[in-house]
Amino acid sequence: MASSTLICDTEAWKDLKGHLEEIKHTHLRDLMADTSRCQSMMVEFDGMLLDYSRQRATLATMDKLYVLAEAAHLKQKIGSMYAGEHINSTENRSVLHVALRAPRDAVINSDGKNVVPDVWNVLDKIREFSEKVRSGSWVGATGKVLKDVIAIGIGGSFLGPLFVHTALQTDPEASECAKGRQLRFLANVDPIDVARNITGLNPETTLVVVVSKTFTTAETMLNARTVRAWITSALGPSAVAKHMVAVSTNLALVEKFGIDPNNAFAFWDWVGGRYSVCSAVGVLPLSLQYGFSVVEKFLKGASSIDQHFISAPFDKNIPVLLGLLSVWNVSFFGYPARAILPYSQALEKFAPHIQQVSMESNGKGVSIDGVPLPYESGEIDFGEPGTNGQHSFYQLIHQGRVIPCDFIGVVKSQQPVYLEGEVVNNHDELMSNFFAQPDALAYGKTSLELQKENVPQHLIPHKTFSGNRPSLSLLLPSLNVYNIGQLLAIYEHRIAVEGFIWGINSFDQWGVELGKVLATQVRKQLHTSRKKGDSVEGFNFSTATLLKRYLEASSDVPADPPTVLPQI
């Protein structure tokens, strides 16, 4: 579907640019007074409700956005993704994370082959292995049950699974299945992260999952060698085969590392790291913690949104609506950021995961054909659960920069609390803020209203809220494992929609490569300086000065140190 024509050159884009001038003169106070408009901006699917009536948009705006979607060939691009076409053209790959949660009898092809049977072969292997570990039929080197799991991976191998794990920890069904077990994630190459992960654990009861597609990721493999040293120092080299497994496609390096290749779980080139939660990357550690039957419900939740995304008309299609509104806010209004505000502490790791999915996918400056973009694309994503965020950065959102907000609420709490004599229960108190904040942003407070309240004149400028700040609200019926899968897929597809409209490749990530290359040069310098005393050469003045200061201040680091592990 690649085309050298930029979307900004289409009549649909130019029409929206002209329409923007009309909308700029309309306040959300007036738009919210139109009940029929608000009613038309609510969409229900499978018990969830999306309300986007607090966007700076009219029904005419939405119609023009649908025309823009047509001009961008959105429907065809979604179809191409599901058909396994190589829409990741810079890496010549299909993009098929939808296949990871497809029903067993589905047919999804990549390069003429149905990949669904391969997916289910891995899922069945995970089910069998995780049940062996959880039941105690697979034990460690000393015969003890493996009740603790450390998953080693970085980026997409870490943020997505951590989000799901954090969300499931307080789910009644999942937490019951996880009793007596621990799951930890080791991502940062900083030795402090190693120390935090192994502290309090016994190597005899610990299973390590090393997640690296190529088994060459620098940070992951150094962490893996460190944890291997922790295991072998206590249990001997032969313990590796019983205490370490891999999620990788490089079986030769897996075996060389000491892991039995039979205990390697595959994933494929058509799975991008940030879209890999539903592959062995996430499913294996989560199944070890909660059991495969729980994780399978998560996959079914994601699959339900996959079907909704491919089949629902655009005006009822939640990911499409969210994606189009993001394009409207970023490229037309020029709002650079988006706040993700889940009113559920269980979703505290959701924004960091979506931050990667969104910013690594759509942080591009050229079209899929390599043409520099003359318009803004990509969003700066950040967020914090409510009400914590209200006491952190909402001041800026209300009276500083305009930042479109996603409010995510849940009808039924995972852990309800009721106190006798209280006006409302704890969850109602939380949700009172969920309902109030979008209106505060939309309506604001005028100087006239403040005068009527007898606010001193000198404080009126400080207490005035301009309002007209866009948001949307997504209300989930509950936060069970199925709903968590749905939420993930909604945002994955929303981000794809944005990229399809902008005409960029949302599925490569060349921007992360340059820093890695330069780090290799620094690594060589540190090695030769430590081992041979070589002087710092080949760097600019600033970097050389910092490196010299670092080496001089850490001159007590031995040139050939013995293995030393964290001591906490």
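Good morning. A residue is called buried here when its relative accessible area is under 20%. With that cut-off in mind, I turn to the structure before you, which is a predicted model.

I begin with the salt bridges, of which the structure holds 25. One of them joins the side chains of Arg54 and Asp51, with an N to O distance of 3.0 Å. Arg54 and Asp51 are both buried.

Next, please look at Arg338. Which residues does Arg338 meet in salt bridges? One partner is Glu379, and the closest N and O atoms of that pair are 3.1 Å apart. Arg338 and Glu379 are both buried.

Another partner is Glu498, where the closest N and O atoms are 3.6 Å apart. Because Glu498 lies in helix 21, residues 481–502, and Arg338 in strand 10, this pair ties together parts that are 160 residues apart in sequence. Glu498, like Arg338, is buried. These contacts belong to a network of salt bridges that links Arg338, Glu379, Asp381, Asp406, Arg494 and Glu498.

I now move to helix packing. Helix 1, residues 11–24, packs against helix 15, residues 318–332, at an angle of about 75°, and their axes are 11 Å apart. The two helices are therefore roughly perpendicular to each other. Helix 1 contributes Trp13, Leu16, Lys17, His19, Leu20 and Ile23 to the contact, while helix 15 contributes Trp328, Ser331 and Phe332. Sorted by class, the residues of this contact are 6 nonpolar, 2 polar and 1 charged.

Five strands form an open sheet with parallel pairing, in the order 6-5-7-8-9. Which strands stand at the edges? They are strand 6 (182–186) and strand 9 (264–265); each has a single partner strand, so one side of each is left without a neighbour in the sheet. Within the sheet, strand 7 (residues 206–211) and strand 8 (residues 244–247) run parallel and are joined by 4 bridges. Val209 has Val245 of strand 8 as its bridge partner. Helix 9, residues 191–198, packs on this sheet and touches strand 5 (148–152) as well as strand 6. The direction of helix 9 makes about 175° with that of strand 6.

Thank you for your attention.

How values were computed:
Residues numbered from 1 in each chain as written. Predicted model: local features only at pLDDT ≥ 70, side-chain atom pairs only at ≥ 80, totals over all residues. Heavy atoms only, no water. Salt bridge = Lys/Arg side-chain N within 4 Å of Asp/Glu carboxyl O. Buried < 20%, exposed > 50% of the residue type's maximum accessible area, 1.4 Å probe, protein only. Axes fitted to C-alpha atoms, helices over the stretch in contact; angles between N-to-C directions. Parallel < 35°, antiparallel > 145°, perpendicular 65-115°, else oblique. Contact = heavy atoms within 4.5 Å. Nonpolar A, V, L, I, M, F, W, Y, C, P; charged D, E, K, R; others polar. Pairing = 2+ DSSP bridges.
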